Amino acid sequence: MMSKKTKSTKVVVPGRFSFVNLWEPKSVNGSDPKYSLSLIIPKNDKNTVNAILKATEEAKKEGVAKFGGKIPANLKTPLRDGDIDRPDDPNYANCYFINANSKEAPEIVDKNVQAILDRSEVYSGCYGKVSMTLYAFNVNGNRGIGAYLGNVQKIRDGESLGGRSRAEDDFEIEEDDDFLA
């Protein structure tokens with residue numbers, strides 16, 4: 001149960017997965033280990049962008065007490081512009097992205113809502129949906145709206161963003177007696 005986060009700020013966001021870290025929590029710069037994912041969203045997906053902006057506004061209103069009763073003008077928000085923040089990465093061109101993380105492992109399912117157990121099935125480059133809850137934070141002078149990683153649904157494969165190919169794309173089925181004969 002997430003006591004600090006409410007249902008009104010929960011959104012389910014479709015997009016392309018990047019920086020996938022869903023199977024083992026990872027520590028960044030000595031921080032608490034977390035599960036994480038960056039979700040790339042095309043700028044022309046107005047419905048998704050508007051849903052995120054609406055949830056961000058709700059999280060601001062719900063978190064106003066954390067900001068001393070007034071919403072700061074320079075508040076960090078979770079929806080970031082790929083053209084500005086990742087100008088050298090063509091996968092982020094003409095896209096927004098949102099980073100979500102959690103100390104708790106997400107459930108990972110396929111398009112039929114069946115659990116995915118094979119870690120190689122979910123990777124940077126595939127497409128799907130992510131449930132996330134937006135929440136206000138005010139820690140050591142950093143104030144903003146963060147995205148809590150909920151669950152992940154893979155819908156379809158895509159070209160790997162890491163440049164790494166999958167084994168089934170590199171090889172074909174071989175018969176033992178034909179190998180190096």
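pLDDT is the predictor's confidence in each residue, on a scale from 0 to 100. The structure looked at here is a predicted model, and its protein chain comes out with an average pLDDT of 89. A score of at least 70 is reached by 89% of the residues.

On to the charged side chains: a search of the whole structure turns up 8 salt bridges. One of them pairs Arg80 with Asp85, at 3.1 Å from N to O. Arg80 is partly exposed, with a relative accessible area of 32%, and Asp85 is also partly exposed, at 36%.

Another salt bridge brings together Lys154 and Glu121, with an N to O distance of 3.2 Å. This pair ties distant parts of the chain to each other: Lys154 sits in strand E7 (residues 142-156), and Glu121 lies 33 residues away, in the loop between E5 and strand E6 (127-139). Lys154 has a relative accessible area of 7%, so it counts as buried, the cut-off being under 20%. Glu121, on the other hand, is partly exposed at 28%.

Lys154 also meets the side chain of Asp157 in a salt bridge, at 2.5 Å from N to O. Asp157 is partly exposed, with a relative accessible area of 36%.

How values were computed:
Residues numbered from 1 in each chain as written. Predicted model: local features only at pLDDT ≥ 70, side-chain atom pairs only at ≥ 80, totals over all residues. Heavy atoms only, no water. Salt bridge = Lys/Arg side-chain N within 4 Å of Asp/Glu carboxyl O. Buried < 20%, exposed > 50% of the residue type's maximum accessible area, 1.4 Å probe, protein only. Helix = DSSP H or I, 4+ residues; strand = E, 2+ residues; numbered from the N terminus.
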